[in-house]
Amino acid sequence: RRHVQEASQQLTEIINSCLESETSTESPEPGGEAEPADEDDSALHCLWVDKFTPRRYLELLSDDYTNRCLLKWLKLWDTVVFGKEKAVKKTKPSTETHPPFNQPKEQQSKWKTKMQLTEEILEAELDQHNRPKYKVALLCGPPGLGKTTLAHVIARHAGYNAVEMNASDDRSPEVFKTRIEAATQMKSVLGANEKPNCLIIDEIDGAPSASINVLLNIIHRKDAEGEAAAGTGRRRRREGGLLLRPIICICNDQ
């Protein structure tokens, strides 16, 4: 074990020296290289998977189509979270004036591809509360694919504070509900310019059915509240407010 630790430390020093030589040859940005230098000093003996993990969108090695779809879905929350207006996509005039001549084969086929369905979901209209049609995104795949890394990088890229919780650890539905509401409704008191939270629920396939029902009730709580009468408004407030923050769920077994 001592020999392995010495060899690992030697390899780490070699990699650090190579990285320092590469960064010294490049033109450094003014004031932008102070934080990575501090991180290298503090993370000298940390795991390589943590030290060299992607921290920017361009550093992701996962599927580019999945990355863009998740980012596009997360940007749909900008209207209700940041107060930004949804960008209107301009349609091509050629497809409207001559639909039978341009796309005769697509009109004959009744089935749509997965990419076409995904684009229609992401381009759907917002609901009455300026939220996207689907409130939760589900990332599924085998372990080591980069799902958790993708969720954290996309959340930071879109301007959110990533809050992660493990669904398999909180077996109680009451604790599960409390943690979800704290992450999606509570405001941070650490600073006035604190970023809004984006909840990342890992191992959602390990949660009991009662916790899944709690999550579904939180998601559908808003739609029922808009149609509720004045007498049931107080009961709705006791149950909790609307879901105004995005939730990303991660699972291995879909």
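Which residues form a negative surface patch? The views below take this up, along with a nonpolar patch and a core. This is a predicted model, in which local features need pLDDT of at least 70 and side-chain atom pairs count only at pLDDT 80 or more, while totals for chains, interfaces and linings use all residues. Residues are numbered from 1 along each chain as its sequence is written, and side-chain values use heavy atoms, with hydrogens and water left out.

**View A. Asp169, Glu203, Asp205 and Asp253 form the negative surface patch.** Look for Glu203 in the loop between β3 (197-202) and α12 (209-226). With a relative accessible area of 34%, Glu203 is partly exposed (buried is under 20%, exposed over 50%, partly exposed in between, with a 1.4 Å probe and protein chains only).

**View B. Leu11, Ile14, Leu19, Trp48 and Phe52 make a nonpolar surface patch of about 470 Å².** Helix α1 (residues 2-25) gives the most to this patch, three residues. Trp48 sits in helix α3 (residues 48-51) and is partly exposed, at 38% relative accessible area.

**View C. The largest nonpolar core has 25 residues.** Such a core joins buried Ala, Val, Leu, Ile, Met, Phe, Trp, Tyr and Cys residues through side-chain atoms within 4.5 Å. Leu70, Trp73, Leu74, Leu139, Ile154, Tyr160 and Ile248 touch the most other members. At least two residues each come from α4 (64-75), β1 (136-140), α10 (147-157), β3 and β4 (247-251), and α4 supplies the largest share, six residues.

How values were computed. Patch = residues over 30% accessible without salt bridge, like charges linked within 9 Å, V, L, I, M, F, W, Y side chains within 5 Å. Areas by Shrake-Rupley, 256 points an atom, 1.4 Å probe, with all protein chains shown as cover. Salt bridge = Lys/Arg side-chain N within 4 Å of Asp/Glu carboxyl O. Helix = DSSP H or I, 4+ residues; strand = E, 2+ residues; numbered from the N terminus. Lys, Arg positive; Asp, Glu negative; His and termini not counted. Charge placed at Lys NZ, Arg CZ, Asp CG, Glu CD.
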